[in-house]
Every structure is written in structure tokens, then in C-alpha cells.
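Open the model in your viewer and get ready to select side chains. We will take the stops one by one.

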Amino acid sequence: MKRISFLLQKEFTQIFRNKAMLPLIFVMPIVQLLVLVNAADFEIKNVRLSIIDEDRTEASRRLVSKFEHSTQFNVSYPDTRFESSMNDLDMGKTDLVLRIKRGFGRDLELGKPSKIMFDVDGIDGQKAGVSYNYAMNTVDQYYRELQGNTMIKPQQALLSLNITNRYWYNPELEYKNLMVPGLLAVLVSMIGMFLSSMNIVREKEIGTIEQLNVTPITKLEFIIGKLMPFWIICLFELTIGLFLGWLIFDIPIVGSLPLLFAFASVYFLVMLGLGLLISTFTNTQQQAMFISWFFLVIFILMGGLFTAIENMPDWARKITWFNPASYFIEVLRMVLLKGSGFADISRHFIIMAIMAFSVNTIAVMKYSKRSA
Amino acid sequence: VNPKILKSFIKKEFLHIFRDYRTLLVLFGMPMVQVILFGYAITTDLRNVKIAVFDQSKDEKSISLVNEITASGFYMVTSLMENSDEIAGQFEKGEVKAVLLIGENFNSRLYNGSASVEIIADAADPNTANIVSNQIQGIVQRWVMRQNNGKAVVPGIITEVRMHYNPSMKSVLLFVPGVITIILMLVSAMLTSISIAREKELGNMEILLVSPIKPATVIIGKLLPYLVLALTLAMFILGIGNVVFHVPINGSFLLLLGECLLFIIVSLSLGVFISTKVQTQQMALMLSLFALMMPTIILSGFIFPISSMPAPLQFLSHLMPPKYFIIIIRSIMLKGVGLMAIWKETLVLLLMAFVFIMASVKNYKIRLT
């Protein structure tokens with residue numbers, strides 16, 4: 001026990017004396033969190049819509065003004081013909097082109113179905129789909145108003161129903177509620193895994209590992225002593241981040257914080273253990289960093305924060321079973337937003353504990369005090 | 001710059017690279033795995049969404065409505081509820097994403113317009129909740145239309161839609177260029193930032209400094225080998241994207257190659273710039289991988305649309321090199337446009353490369369501190 005405390009003291013002194021690293025460890029993740037959260041929003045706003053009104057009748061002008069008054073669109077009127085507006089779409093100057101052909105107003109008056117055309121930049125399929133839905137809703141509203149004016153009553157004896165949409169836990173669909181804890185989890189995991197993966201290999205590369213190897217410290221004590229400082233730092237940053245998120249962004253904390261922290265402390269054992277494991281079998285910091293980067297990118301992008309895990313094909317979902325970050329992100333979501341209790345996340349807890357145990361056992365076994 | 005000195009310096013760098021076969025393996029193996037993994041896994045296309053149904057009527061019409069939803073292929077009904085108290089439990093366990101509530105006497109009330117359907121979505125994940133809720137609503141509306149033999153909504157206005165560049169709206173076409181960008185950016189910046197920092201940390205810098213090699217030679221010598229390496233990597237990844245995911249290259253391949261080269265130069269010189277600022281490999285790595293990773297993923301327009309961000313963040317995104325590159329390669333690969341459409345972005349990248357290289361040459365100190 002005493003030997004561990006000496007190693008701990010050494011590690012902390014090393015961390016706090018490195019003035020260049022301190023801001024990177026403590027300030028940067030928090031700053032990134034506070035800044036990037038504002039950008040992490042899937043809501044589609046400011047769709048650029050070019051309208052080409054070839055009809056220029058009362059009816060078409062009213063449709064145009066309907067679009068102007070909608071908050072979702074930035075409407076522009078390229079004073080050109082339809083063909084050159086297709087060029088704008090190519091050049092990325094507009095997202096959506098609406099063409100109202102001549103005869104639109106006349107057909108409407110005659111009660112004939114009249115046509116309008118949308119050309120959509122479909123590269124970002126999701127954005128395209130949402131923008132197009134906005135546009136359809138606007139046209140729909142326009143038509144209904146028109147019906148109201150001309151007294152076209154809906155035909156009788158047809159089936160109809162009322163549809164209500166409700167959003168639980170986050171009625172305003174506030175992305176920040178999810179993104180603040182989610183990004184925080186990602187940033188703290190990155191810090192922990194990068195630092196721990198570079199730690200032992202750095203001693204190897206600089207040569208100071210020899211000095212540690214000739215001390216009487218046991219392998220287990222060594223790994224614990226290497227793991228503890230980063231574990232404390234990670235939990236500390238999680239606390240600060242959650243506090244700031246609550247203070248600045250008003251994120252709801254519905255469930256129990258002790259439960260969340262209990263889970264987080266097991267989760268960090270997994271991430272840091274992985275880092276140390278990488279550190280024991282690499283030779284240079286570059287290799288260590290590269291390998292942990294590889295895993296982190298996978299953990300983050302397949303963690304269910306940015307895109308839902310349900311959307312993945314079967315085999316990819318099976319891979320996420322081994323992704324500790326996906327469990328942590330899900331637990332954050334469940335405990336913070338829905339107020340899930342221990343019973344709801346017990347499965348996550350058990351899996352995380354098994355992971356923590358096995359990863360750290362392998363790390364202890366893999367570490368050799370003999371130089372090769 | 002003396003070409004002979006430069007040549008031997010470059011040779012030294014290549015030896016460094018090729019003799020560390022582990023790093024080389026990692027360098028080519030990992031991005032390959034990532035592109036393949038993400039090409040399939042990162043998708044916003046809905047699939048297998050689990051929903052629960054609380055059908056208070058259980059009559060012919062309500063059953064037909066539920067069938068319609070499962071028949072769409074996007075949804076699986078995993079639980080039939082008997083009681084509305086069960087909803088909260090289902091959400092808290094995270095079992096389903098949405099609940100469809102069908103009101104009482106559905107069949108008979110359909111005829112007087114008072115039948116009700118409620119879609120409750122678990123908005124702890126707002127994005128999925130929004131999409132799921134709108135999609136189910138659409139399915140319900142189509143079902144009503146079908147029940148009326150298409151008579152219900154005689155559309156007064158027929159809208160005709162053409163989806164350009166990506167007609168099936170597959171997100172793989174969007175994400176593969178994004179993944180390529182992130183990998184190129186971070187790998188290139190990391191490679192060079194560490195190479196100078198390593199010379200400092202291991203003490204070789206002193207040997208370089210007392211030699212007659214000029215700062216410019218050192219920097220060019222550090223850049224060129226990695227340029228070759230990163231360009232090979234870029235071609236490799238583009239090849240995978242094309243063969244495995246059928247991401248087309250509609251524009252000129254030569255132009256694409258040139259733009260890749262330019263972007264790699266920007267990232268590499270950013271790496272050199274970082275390395276002139278730091279003393280240890282640890283710092284270099286933390287800056288190039290940790291500090292750059294999340295801003296690159298979030299602010300580049302790879303996942304989140306830039307046009308929807310608040311103004312100060314849109315400004316920040318203008319400072320991100322990957323933002324321009326993503327626009328460029330999406331334009332070339334998917335839209336098939338030429339240089340005319342992307343000259344502005346190209347110019348910005350050129351400028352960035354110039355600034356980073358000048359700053360590195362200026363920052364390169366020939367004295368040890």
C-alpha cells in the first residue's frame with residue numbers, strides 16, 4: 001500500500017509540474033465542451049431556397065410569400081432562368097430550387113391539379129429529406145388556406161383521424177440535453193485513454209522504466225499506481241463538466257447522481273485499463289497514441305451519440321456490444337434524462353464490471369518488469 | 001536549399017518511416033478498417049426501430065393500421081401493451097423508441113373524424129425521436145388515404161421532386177468523404193508534428209542544429225516523405241470507398257488528386273507548425289490528435305450541417321481546413337463539377353498552407369533553449 005502511495009505521489013508530481021500539459025488536460029476539454037455543444041445540433045435551419053416564379057399570378061405570388069414568411073427558409077430569387085439555377089445547385093449556392101411553371105394559377109382556378117417542381121441537393125440525405133418535408137408542409141398550408149377562401153369543403157363520408165405527436169423527456173427536442181453529457185463523456189474518455197496509453201510507453205522510450213523495474217513494487221501495485229491518478233482526474237472533470245452544463249445550459253438531471261458516478265467510476269477503469277494495456281505492448285508513444293486514437297474514433301462514432309445504434313446493420317451492432325463508450329452514453333441518457341434506476345441499468349453495470357476486470361487483469365499480466 | 005543535402009535528409013526520413021514497420025502497418029491498416037466500418041455503420045438511415053403498441057380498440061381497422069407500420073420495414077413492434085402505465089417503464093429500460101397509442105372505438109370513430117392516434121417518442125435522443133415521429137405520422141396518413149381509396153386528399157397541387165446527386169438519399173455517400181477527410185487530416189498532422197518533436201525529445205535536434213542544414217531544408221525534408229505517404233493513403237482510402245461502397249468519382253480524377261495533395265499539404269504543415277511549438281512528443285500528440293479531433297468531427301460539416309449552427313460557430317468553422325476539403329471532395333465525387341465550382345475553397349486551402357509553412361519556418365529555432 002505504501003509503495004502505491006509513493007508511485008501515486010510521483011505520477012501526480014509529474015502531471016502537475018508539466019506546465020504545458022496542464023491546460024490541455026484541464027482547460028481544453030471544458031472549453032471544447034462549452035463551444036462545441038452549440039454546434040452539435042441536428043435541427044435543420046436556414047434552408048437556402050431559390051424560387052423561380054414563371055407564372056407570376058396572384059396565386060403564385062401568394063405561394064411565394066408563404067415561403068417567405070416561413071422561418072425555416074432563406075428565400076432568394078435568382079433573376080435567371082430555370083437552367084442556370086440548376087447550375088447554382090451544382091455550385092452549392094442553394095439547397096432547394098422551387099419552380100412554379102406558367103399556368104399554375106390558371107389550373108388552380110379551373111380546379112385542375114396544378115404542378116410545381118422541387119429540385120433538391122440530396123447529398124446530405126437527411127437534410128434533403130427534412131428540407132423537402134418543410135417545403136411540403138408549407139405547400140400544404142397554402143393549399144388549405146386556398147380551400148378556406150374558395151369554400152371547397154372536404155367531401156363527406158370519408159374516414160379521418162387526429163394524430164398527436166408527443167416527445168417525452170425532452171418535449172422541446174433540445175439537443176443540448178443529450179449533447180452536453182454525451183460530448184463530456186467523449187472528451188473525458190479521450191483524455192483518460194490518451195494519457196494512460198502514453199504513460200508507460202513514455203517511460204520505456206525515455207528509459208526511466210528501468211528505474212521503476214528495479215524497485216520492489218509488484219506488477220499489480222504498479223498498474224494500480226499508474227491508473228489511479230488518471231481515474232481521479234477523469235472523475236474530477238466529469239464533475240466539473242456536469243456542473244457547468246447544469247449551470248450554463250440548464251441540462252436536466254432527473255435521475256440519481258450517485259448512481260451515475262458509480263457507473264462512471266467503473267467505466268473509467270475500463271477506458272484507462274485499455275490505455276495501459278496499449279501502453280504495455282507498444283514501443284513508442286507514436287504507436288500507442290495511434291492505436292488509442294483508432295479505438296477512440298470507433299468508440300465515439302459508433303457510440304450512439306451522433307448516429308443511432310439501431311440504424312446500424314446487425315454485425316455492426318454486435319461490435320458495439322464491445323464498445324464501452326456506447327454503454328456509458330446510454331446510461332447518461334437513461335439516468336440523466338429519464339431518471340432510470342439501478343434495476344434499469346443493472347445489465348450495463350454487470351457488463352462494464354466484467355470489462356473492467358478483464359482489461360485490467362490482462363494489463364497486469366502483460367506488463368513485464370524484465371526488459372526484453 | 002541545397003538539393004544534395006535535401007536528398008540525403010529525405011532519405012533519412014524515409015528510412016525512419018520504413019524501418020518502423022509497426023507504425024506503417026497501423027498507418028495503412030487502421031484507416032482501412034475505419035473506412036469500411038464507418039461506411040456501413042455510420043448511417044442516419046432508419047432501420048429496425050423498436051416500437052410498442054397500445055391498441056385500445058383491437059378492431060379490424062386498428063390492426064390494419066399496425067400492420068401497415070410493420071410492413072414499412074423500418075419498424076418492429078416488440079411489445080403490445082395493455083395499460084398506459086407501461087409506457088414509462090418501457091422507455092426507462094430503453095426497450096423501445098416510440099409508442100403508438102390507438103384510441104378506443106377506433107373503427108367506428110373513424111367515420112365521424114374523432115378517432116385518435118397518438119405517437120409518443122422517446123426524445124432523450126431528439127434526432128431519432130423527431131425522425132421516427134414524423135415517419136410514423138406519414139405512414140398513418142398514407143394508411144388513411146388508402147382506406148378512402150385515395151379519395152381523401154385529392155391533391156390540388158401536385159409536387160414533383162427530383163433528388164440530385166444522391167437520389168436514394170443514402171448516407172454512405174455523405175459519410176465516406178467525411179471519414180476520408182478526418183483520417184487524412186488527423187493522421188497527417190500527427191505524423192509530422194511528432195517527427196520534429198521526437199528529434200527534440202531524443203536529443204537528435206542538437207545534431208541537426210549544429211549541421212549546416214537550413215531550417216527550410218529541415219521542414220521540406222520533413223514534409224515531403226509524409227506527403228508521399230499520406231497521398232498513397234488517400235488513394236488507398238478513395239479506392240476502398242469506390243470499390244466497397246460504390247461512392248462514385250463523377251468529376252475529374254486528376255483534379256481530385258490535386259485537391260487531396262493540397263489538403264494533405266495543409267494538414268502536414270499544420271503538424272510541422274505544432275511541432276515547432278512543443279518540446280515533447282506527448283504534447284505534439286495531444287495537440288494534433290486530442291485538440292483537433294472533436295472540432296474536426298463537429299465543426300467540419302461532416303455530421304452536423306454548418307448552415308444550422310449559430311453565427312459565432314459558423315465563423316469558427318470557416319477556420320477549419322477540413323470544412324473546405326469536405327465541400328471540395330463532395331463536389332468533385334458526387335456532383336462531378338470542375339475547378340470553376342470550387343476555386344474559392346481551393347484558394348482558402350492554398351492560403352492556409354502558405355500561412356502554416358511561413359509560420360513554421362519563422363518559429364523554427366536554431367538555438368536550444
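**Stop 1: a buried pair**

Select A:Glu203 and A:Lys226: both are buried, meaning under 20% relative accessible area, with over 50% called exposed and anything in between partly exposed (1.4 Å probe, protein chains only). This is a predicted model, where local features need pLDDT of at least 70, side-chain atom pairs count only at pLDDT 80 or more, and totals for chains, interfaces and linings use all residues. Residues are numbered from 1 along each chain as its sequence is written, chains are lettered from A and ligands numbered from 1 in the order in which they are written, and side-chain values use heavy atoms, leaving out hydrogens and water.

Now look between the two side chains. A:Glu203 and A:Lys226 form a salt bridge, N to O 2.6 Å. A salt bridge here is a side-chain nitrogen of Lys or Arg within 4 Å of a carboxyl oxygen of Asp or Glu. A:Glu203 sits in helix α7 of chain A and A:Lys226 in helix α9 of chain A, so this pair ties together parts 23 residues apart in sequence. Helices are DSSP runs (H or I, at least four residues), numbered from the N terminus.

**Stop 2: on to A:Glu11**

A:Glu11 lies in helix α1 of chain A, and A:Lys226 in helix α9 (residues 219-248), so the pair joins parts that are 215 residues apart in sequence. How accessible is A:Glu11? Its relative accessibility is 1%, which counts as buried. For A:Lys226 the relative accessible area is 0%.

**Stop 3: back to A:Glu203**

Select A:Glu203 again, with A:Lys10. They form a salt bridge, with the closest N and O atoms 2.8 Å apart. This pair links distant parts of the chain, 193 residues apart: helix α7 (residues 176-206) holds A:Glu203, and helix α1 (residues 2-17) holds A:Lys10. A:Glu203 has a relative accessible area of 6%. A:Lys10, at 27%, counts as partly exposed.

Show A:Lys10, A:Glu11, A:Glu203 and A:Lys226 together: salt bridges link them in a network. Over all chains, the whole structure has 16 salt bridges.

**Stop 4**

Move to A:Asp88, in helix α4 (residues 82-90) of chain A.

Finish with the surroundings of A:Asp88. Leaving aside neighbours within four places in sequence, A:Asp88 is in contact (heavy atoms within 4.5 Å) with A:Pro78, A:Lys93 and A:Thr94.

Methods:
Helix = DSSP H or I, 4+ residues; strand = E, 2+ residues; numbered from the N terminus.
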